[in-house]
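Subject: Structure handover

Hello,

Here is the structure I promised you. Please open it first, then read my notes below.

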Amino acid sequence: METEAPVAATWPPRYRIHKYWSRKPADLVAERIAAATSPGDLVLDPFCGSGVAPIEAAALGRRGIGVDVNPFAIFLARTTATACDADALAAAGARVLAMAERDEAVWHETRCRRCGRRARLAGTVSHGSALVAVLVRCAACGGTAREEPDVADRSRERASGAAGDGGAPRPPVFVGWQTRKLVRAGIADFGELFEPANLRAFAAIREAISVEPDETLRPSLQLALTGALAQGSRMIADTGAGGGGASWKINVYWLPARRLALDPFRCFANRLTRVVSARRDADAVLGGQARPAFVCADARELAGIVDPGSVHHVFADPPYGGEGIQYAELSALWSAWLDPALEPAFAAEIGENPTRGRDALTFASGLAEAFRAVAKVLADDGTMTVTFASGDRRSWAALDGALAGAGFAVTRAIDVGRSAPGLTQRTSTRATRADVWLECRRVGYPS
Ligand SMILES: C[S@@+](CC[C@H](N)C(=O)[O-])C[C@H]1O[C@@H](n2cnc3c(N)ncnc32)[C@H](O)[C@@H]1O
Ligand SMILES: [Zn+2]
């Protein structure tokens, strides 16, 4: 293995549009595609996730196609890559916010302890079922403080609990690997991940988006909403005066005993700002290029989607097996809040999942089948880049076997630095190899 270690830049704004798990660093992806292909070539990513490789390919004048079995990933990738009027989006977002706040802001107000005026409730801290602190942000005097709840805070809290869920989507908590903490705690539905007032606020935002007259803007608005959910949920542990920690830091749904619930309108407004700059950035880099195509499908069924022998370069970032990310499970909350909701592809996902009876062998055979399908659509002289991150020997064996079985040989292996934010968190001390990029060429054909 070579020792050079390219270091990824942070993500450009177009990929800050929404969280996705194990998103690849755009600069390195683009460099790789530029080196391996010529303008007009067809570049396929059979596990495209948030769409980085097809989008970077298109930005370079290649024809990009992304396939992923997770419908949320395809929704995200497509929305990122579709042309959009960013100013109109910002205006629509402001309208959505105003409409939702008109009905629901009353549950997010408190009294400024400093000047006595009405102030915004920037967050609430609860321990078990008890409200233990309120975060006050006063526009009038500029004060921000963490305070003891007063009588009005407590009665508002009780009343909001009795006010209903505002029509929020509340799918039942399914038995899964990344829901195991909720199942163990007896949480029955995903609505319980939110304080009642926040659930109502998000439902009001969702409702306001559904009546936005310009329907081309709705997907972007929906991404601002789904991107805000975790931040405005109960999944943030309260860390005292310092505020909260990361909602998703352990890649699992959970309910910390002492939690911070942030102002949902502010969460949405923050996400909206990111979505607007993402859309501007994507339009700037994609400019007059043909936009990439995204197809929701199982990589094992590429034959029906891409012509045999037509692909010049494959960029493949498959699931990593072992204790890897459960993409369908972790996208389930977002998927439920889209309108119409999307059905997560629990069954077709390649990966290990102890609660679904999928083990290392299932992973290995899924991967092998997917790479055989990839080999069939690749041109004879086509090349492939595979990125992989795992500390699990069996996962590496599965990948080695899948590549060999599909007729690929690795010509170069590169360790990639991990400076890009949010790259998969599995750089634990157990990790033996992480974020390796394998350059492959064809030495045979799949059986
Ligand atoms: C490591 S992630 C890819 C992340 C992507 N490179 C990015 O930059 O966002 C692996 C992806 O494989 C997808 N996947 C899992 N099983 C699949 C299958 N059978 N067919 C197609 N995609 C699958 C998952 O949904 C996930 O999005
Ligand atoms: Zn004040």
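First, some terms for residue types. Ala, Val, Leu, Ile, Met, Phe, Trp, Tyr, Cys and Pro count as nonpolar; Asp, Glu, Lys and Arg count as charged; the others, Gly among them, count as polar. The model is predicted: local features need pLDDT of at least 70, side-chain atom pairs count only at pLDDT 80 or more, and totals for chains, interfaces and linings use all residues. Residues are numbered from 1 along each chain as its sequence is written, while chains are lettered from A and ligands numbered from 1 in the order in which they are written.

**The ligand**

Ligand 1 is surrounded by 25 residues (near means a C-beta atom, placed from the backbone, within 6 Å). The closest are F47, G49, N70, A299 and D317. The shell holds 14 nonpolar, four polar and seven charged residues.

**Helices α4 and α9**

Helices (H or I, at least four residues) and strands (E, at least two) are DSSP runs, numbered from the N terminus. Helix α4 covers residues 86-104 and helix α9 covers 264-286. Their axes come within 9 Å and cross at roughly 170°. Axes are lines fitted to C-alpha atoms, for helices over the stretch in contact, and angles run from 0 to 180 degrees between N-to-C directions. So α4 is roughly antiparallel to α9 (the term for angles over 145 degrees).

Who makes the contact (C-beta atoms, placed from the backbone, within 7 Å)? From α4 come residues including A86, L89 and G93; from α9, residues including F265, F268 and R280. The contact residues divide into ten nonpolar, one polar and three charged.

The 23 residues of α9 should span 33 Å at 1.5 Å a residue, and the end C-alpha atoms are 32 Å apart, which agrees. The expected span is 1.5 Å times one less than the number of residues.

Buried means 20 or more other C-beta atoms within 10 Å of a residue's own, all placed from the backbone. In α9, buried residues include P264, C267 and L286. Their cover includes α2, α3, α4, α7, α8 and β7. G287 follows α9, with a positive phi near 35°.

**L182**

L182 sits in helix α6, residues 180-184. Is L182 buried or exposed? L182 counts as buried because it has 22 C-beta neighbours inside 10 Å. Leaving out residues up to four places away in sequence, L182 touches V173, I187, Y253 and L255.

**Helix α11**

Helix α11 has 18 residues, 360-377. Among its buried residues are F363, G366 and V377.

Best wishes

Notes
Parallel < 35°, antiparallel > 145°, perpendicular 65-115°, else oblique. Contact = placed C-beta atoms within 7 Å. Buried ≥ 20, exposed ≤ 12 C-beta atoms within 10 Å, placed from the backbone.
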